[in-house]
Amino acid sequence: MAELQEVQITEEKPLLPGQTPEAAKEAELAARILLDQGQTHSVETPYGSVTFTVYGTPKPKRPAILTYHDVGLNYKSCFQPLFQFGDMQEIIQNFVRVHVDAPGMEEGAPVFPLGYQYPSLDQLADMIPCILQYLNFSTIIGVGVGAGAYVLSRYALNHPDTVEGLVLINIDPNAKGWMDWAAHKLTGLTSSVSEMILGHLFSQEELSRNSELIQKYRNIITHAPNLENIELYWNSYNNRRDLNFERGGDITLKCPVMLVVGDQAPHEDAVVECNSKLDPTQTSFLKMADSGGQPQLTQPGKLTEAFKYFLQGMGYMASSCMTRLSRSRTASLTSAASIDGNRSRSRTLSQSSESGTLSSGPPGHTMEVSC
């Protein structure tokens with residue numbers, strides 16, 4: 001009989017000294033719950049420290065959803081209504097989320113000292129690689145609003161291989177012209193910084209109605225303890241450079257893009273112009289009715305539907321339940337959501353609560369969708 005040899009077996013995940021298997025399971029569950037509740041981190045970059053909050057655990061072979069908020073807001077006040085919406089839970093269960101706060105915008109942020117040089121929007125974009133390196137994430141799907149949409153676009157231009165898709169709400173890719181500067185200066189003589197930022201976030205019709213939502217955000221911005229920091233971010237946004245998008249040119253977004261704007265929003269014309277400059281085979285344009293200046297706050301349900309279809313078009317969540325928006329368009333856009341993962345597609349969407357028809361046509365034509 002062959003001599004028996006002693007073989008030492010080591011656990012793949014050894015227990016802590018004195019820890020029972022039951023205790024190990026409880027610790028693992030507690031860690032998972034902590035991740036689902038969000039873990040806040042800060043990382044140093046060449047342009048200062050940046051804070052971000054991570055929800056969930058990374059999924060194999062899937063990008064992270066990375067958000068960037070607009071001026072006057074932080075990640076909670078900008079995105080919480082969207083990501084806490086019921087139908088959004090199916091999406092966030094499939095992706096880890098990284099919510100970035102612009103420097104000095106995070107809750108409890110100290111006021112920057114007098115004379116502090118706030119990063120430009122280009123420099124804010126250059127902070128993102130430090131975040132991804134810290135988290136060891138290779139690719140993202142970006143979701144940005146206003147100034148945040150510009151930051152993510154600039155990042156995508158500089159690092160196209162790390163961006164799988166972009167959802168850009170209220171993007172204005174153009175630098176301010178002389179007329180814009182003159183109007184801005186005149187407005188500054190008669191309005192406070194908080195009122196100018198509110199005029200950037202919401203339409204004049206919304207502000208005049210002074211709804212509960214407007215009162216809430218007016219109070220958030222007017223009484224913000226870091227209002228001086230918010231003004232610095234506001235100034236950086238107003239000093240942004242032109243992104244110089246050119247359809248058919250070298251400077252363009254190489255990934256699938258969904259442009260979103262509310263009807264009668266302050267940035268409607270800018271988003272329409274941006275759509276005209278991007279590759280039509282890679283770009284979707286969603287104009288949302290009854291959503292005002294902040295669709296992610298006022299129409300999270302419609303935006304969630306569009307986002308889910310956007311992900312399906314990229315080849316993710318193919319087995320997900322079809323939404324009202326995607327179901328109504330299945331016949332004309334089957335190839336765009338095919339399981340073979342083909343990500344080249346062209347469509348422009350216009351959501352209208354009044355329209356009851358669906359017209360389809362060749363790529364690039366407008367589709368009226370009732371939701």
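Me: Where is the place of Asp290?

Reply: Asp290 sits in the loop between β8 (283–288) and α12 (295–298). Helices (H or I, at least four residues) and strands (E, at least two) are DSSP runs, numbered from the N terminus. This is a predicted model, where local features need pLDDT of at least 70, side-chain atom pairs count only at pLDDT 80 or more, and totals for chains, interfaces and linings use all residues. Residues are numbered from 1 along each chain as its sequence is written, and side-chain values use heavy atoms, with hydrogens and water left out.

Me: What is the phi of Asp290?

Reply: Positive, about 60°, although Asp290 is not a glycine. Asn170 also is not a glycine and has a positive phi of about 60°. Asn170 is in the loop between β6 (163–169) and α6 (178–190).

Me: Why is Asn170 called buried?

Reply: Buried means under 20% relative accessible area, exposed over 50%, partly exposed in between (1.4 Å probe, protein chains only). Asn170 has 0% relative accessibility, so it counts as buried.

Me: Why is Ser49 called partly exposed?

Reply: Its relative accessible area is 32%, so Ser49 falls in the partly exposed class. Ser49 lies in strand β2 (residues 48–55).

Me: What does Ser49 touch, not counting residues up to four places away in sequence?

Reply: Ser42, Val43, Glu44 and Pro103. Contact means heavy atoms within 4.5 Å.

Me: What makes a set of residues a nonpolar core?

Reply: The members are buried Ala, Val, Leu, Ile, Met, Phe, Trp, Tyr and Cys residues, joined through side-chain atoms within 4.5 Å. The largest nonpolar core has 91 residues. Val98, Leu166, Tyr233, Leu253, Leu259 and Phe307 touch the most other members. Leaving aside neighbours within four places in sequence, the contacts of Val98 include Phe52, Val54, Ile65, Leu66 and Phe137.

Me: Which residues of α2 are buried?

Reply: Tyr75, Ser77, Cys78, Phe79, Leu82 and Phe83.

Me: What makes Asn74 a cap of α2?

Reply: A side-chain oxygen of Asn74 lies 3.1 Å from the backbone nitrogen of Lys76, at the N-terminal end of α2. A polar contact is a pair of N or O atoms within 3.5 Å; within protein, one must be able to donate a hydrogen and the other to accept it, and residues adjacent in sequence count only if both atoms are side-chain atoms.

Me: Which helix gives the most to the lining of the second largest pocket?

Reply: α2, with four residues. A pocket is an open set of points on a 1 Å grid over the protein atoms alone, where a 1.4 Å probe fits, with protein on both sides within 12 Å along at least five of seven lines; lining residues have an atom within 4 Å of a point.
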